[in-house]
Each structure stands twice: as structure tokens, then as C-alpha cells.
Amino acid sequence: MVIRMRHTRSHTKNRRSHHALKAVPLSVCSNCGAHHRPHHMCLDCGFYNGRQVMDLSTEKAKREARMQAKREMIKGEGSIPQPEKNEVSEPVAEDTTKTETKAKKTTKKKPAKKVE
Ligand SMILES: [Zn+2]
């Protein structure tokens, strides 16, 4: 940063005076009384402008099922495969390294002898 580019404190504060976040205006649902974004469907009951736009009971059930499946997936991934991977990978890696090293040693020795 060059001094030429530096702003005064008042300049910086002036610029930042417009950075404050404004509260989102919310309107009240005519059906259930919950707050929702204006000109948007109520996320609690699915009503918009006095009529039902979306059947949220089935949507909520689907979402619950999806979330449950996801939770089970995460639980399965988090608990079971990690120790399995560790248990499986270590002996396999050892075996492969041993065999590979043996194979490499044998293969290395043979061409070395052939070359020399
Ligand atoms: Zn509502």
C-alpha cells in the first residue's frame, strides 16, 4: 500500500456508513399467522394470497425422509468405513509393500545382474 492510495479515517467511515445490514421486512400469514417474506409463499403452511399454493405436508414428509436417509448415510460413513478402511488398508498395504519390496528386490536384482 502506497501512502498516495491511503484514505483518511473520515473517508473510510463515510464509505462504511452504508454497510449496515437492514432488517428484512416480514409480513404475517393470513392462514397461520407465521411471518413470511412479502410476496412469497408462507413456508409454514404453503399459503399465498389466501389460497393454498403448495401442499407442504407431503413436502415436509419427503424432506424428513431425505434428511433421515442422509443422516443414516453420514452415520454409516462416519462410524463403519473409517475403522474398516484403517484395518483393511494397513494389512493390505503391509502385504503389498512386502510383496512389492520382495518383488522389487528380486526384479531389481535380476536386471541389475543382467545389466552388469
Ligand atoms: Zn402460513
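Two residues are in contact if their C-beta atoms, placed from the backbone, lie within 7 Å.

**Figure 1. The whole chain, a predicted model.** Let us start with the overall picture. Among contacts between residues at least 6 apart in sequence, 0% join residues at least 24 apart. The chain holds three helices and four strands, arranged along the sequence as α-β-β-β-β-α-α. Helices (H or I, at least four residues) and strands (E, at least two) are DSSP runs, numbered from the N terminus. Of the 116 residues, 2% are buried; a residue is buried if 20 or more other C-beta atoms lie within 10 Å of its own, exposed if 12 or fewer, and partly exposed in between, with C-beta atoms placed from the backbone. Residue numbers run from 1 along each chain as its sequence is written. Because this is a predicted model, local features need pLDDT of at least 70 and side-chain atom pairs count only at pLDDT 80 or more, while totals for chains, interfaces and linings use all residues.

**Figure 2. Confidence from helix 1 to helix 3.** pLDDT is the predictor's confidence in each residue, from 0 to 100. The chain has a mean pLDDT of 77, with 66% of its residues at 70 or more. Helix 1 (residues 9-16) has the highest confidence, at a mean of 96, and helix 3 (residues 81-115) the lowest, at 50. Over residues 96-104, pLDDT stays under 50 and the model has zero contacts beyond four places in sequence. Where pLDDT is low, the predicted coordinates should not be read in detail.

Figure 3. Val28 counts as exposed because it has 11 C-beta neighbours inside 10 Å. Neighbours within four places in sequence aside, Val28 is in contact with Gly33 and His35.

**Figure 4. His39 in the loop between strand 2 and strand 3.** This loop runs between strand 2 (35-36) and strand 3 (47-48). His39 is not a glycine, yet its phi is positive, near 65°. With 8 C-beta neighbours inside 10 Å, His39 counts as exposed.

**Figure 5. Asn49 in the loop between strand 3 and strand 4.** Strand 4 covers 51-52. Here too, a residue other than glycine has a positive phi: about 60° for Asn49. Asn49 counts as exposed because it has 8 C-beta neighbours inside 10 Å.
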